[in-house]
Amino acid sequence: KEYQIDQWRPHGKSLVAKIVGVDSRDDAERIKNLDININASQLPDLGDEGVYWRELTGMKVVTTQGYDLGVVKEVFNTGANDVIHVKANVGDAFGQKERLLPFVFDEVVQEVDKEAKVIKVDWDPGF
């Protein structure tokens, strides 16, 4: 079922929202713990400086030295920072099947080329 947000405000690390047609505590209890999805077309364009997690999935990850580490399988947050789960290429020269890299700009992530679908990282491929 689709719901419309009437108004919302930040509340700590969360959001509090008033949903159209949900006018009582009982109404709210019936829909609590539902997943919230937003159509990608409704999200603002982040331009060249930002990237949504969904855009990272499937991107190739290469080191600044040109070594192909593999492809982003998923992105998650550890509380300290975001992490990209990279599925290594078959026959990886370092014997890796997967890698977990901190998605931290300037320290690890040097560049995200959304058009070429490539993430350039400063990372030791043997790690």
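Is V20 buried, exposed or partly exposed? V20 is partly exposed, with a relative accessible area of 47%; buried means under 20%, exposed over 50%, and partly exposed in between, for a 1.4 Å probe and protein chains only.

**Before starting**

This is a predicted model, in which local features need pLDDT of at least 70 and side-chain atom pairs count only at pLDDT 80 or more, while totals for chains, interfaces and linings use all residues. Residues are numbered from 1 along each chain as its sequence is written, and side-chain values use heavy atoms, with hydrogens and water left out.

**Stop 1**

Select V20, which lies in the loop between β2 and α1. Helices (H or I, at least four residues) and strands (E, at least two) are DSSP runs, numbered from the N terminus.

Next, select β1 (5–11) and β2 (14–19). These strands run antiparallel and are joined by six bridges; two strands pair if DSSP finds at least two bridges between them. Within this pairing, I5 stands opposite I19 in β2. The hairpin has two residues between the strands, and G12 takes a positive phi near 65 degrees there.

**Stop 2: the largest pocket**

On a 1 Å grid over the protein atoms alone, a pocket is an open set of points where a 1.4 Å probe fits, with protein on both sides within 12 Å along at least five of seven lines; lining residues have an atom within 4 Å of a point.

The space in the largest pocket is about 1,100 Å³. This volume is the space filled by probe spheres set on the grid points, which are joined across faces, edges and corners. Which elements give two or more residues to the lining? They are β1, β2 and α1 (25–31), and β2 gives the most, with five residues. By class, the lining has 13 nonpolar, six polar and five charged residues. Here Ala, Val, Leu, Ile, Met, Phe, Trp, Tyr, Cys and Pro count as nonpolar, Asp, Glu, Lys and Arg as charged, and the others, Gly among them, as polar.

**Stop 3: the six-stranded sheet**

Now display β3 to β8. Six strands form an open sheet in the order β6-β5-β4-β3-β8-β7, with mixed pairing. The edge strands, β6 (98–102) and β7 (109–113), each pair on one side only.

Begin inside the sheet with β3 (residues 60–63), which runs antiparallel to β4 (residues 68–77) and is joined to it by three bridges. Opposite K60 stands V71 in β4, and opposite V61 stands G70. Four residues lie between β3 and β4 in their hairpin, where G66 in the turn has a positive phi of about 95 degrees. β3 also pairs in the parallel sense with β8 (residues 118–121), over four bridges; there the bridge partner of V61 is I119.

Move on to β4 and β5, which run antiparallel and are joined by six bridges. N77 stands opposite D82 in β5. Their hairpin has four residues between the strands, and G79 in the turn has a positive phi of about 100 degrees. Five bridges then join β5 to β6, again antiparallel, with I84 opposite L101 in β6.

**Stop 4: aromatic pairs**

Show the side chains of Y67 and F94. Rings of Phe, Tyr and Trp (its six-membered ring) pair if their centres lie within 6.5 Å; planes under 30 degrees apart count as stacked, over 60 as edge-to-face and the rest as tilted. By this rule there are three aromatic pairs. Among them, Y67 and F94 are edge-to-face, at 5.4 Å centre to centre with 80 degrees between the planes. This pair links distant parts of the chain, 27 residues apart: Y67 is in the loop between β3 and β4, and F94 in the loop between β5 (82–87) and β6. Y67 is partly exposed at 23% relative accessible area, and F94 is partly exposed at 41%.

Finally, select F103 and F105. Their ring centres are 5.3 Å apart and their planes lie at 75 degrees, so this pair is edge-to-face. F103 counts as buried at 10% relative accessibility, whereas F105 is partly exposed at 42%.
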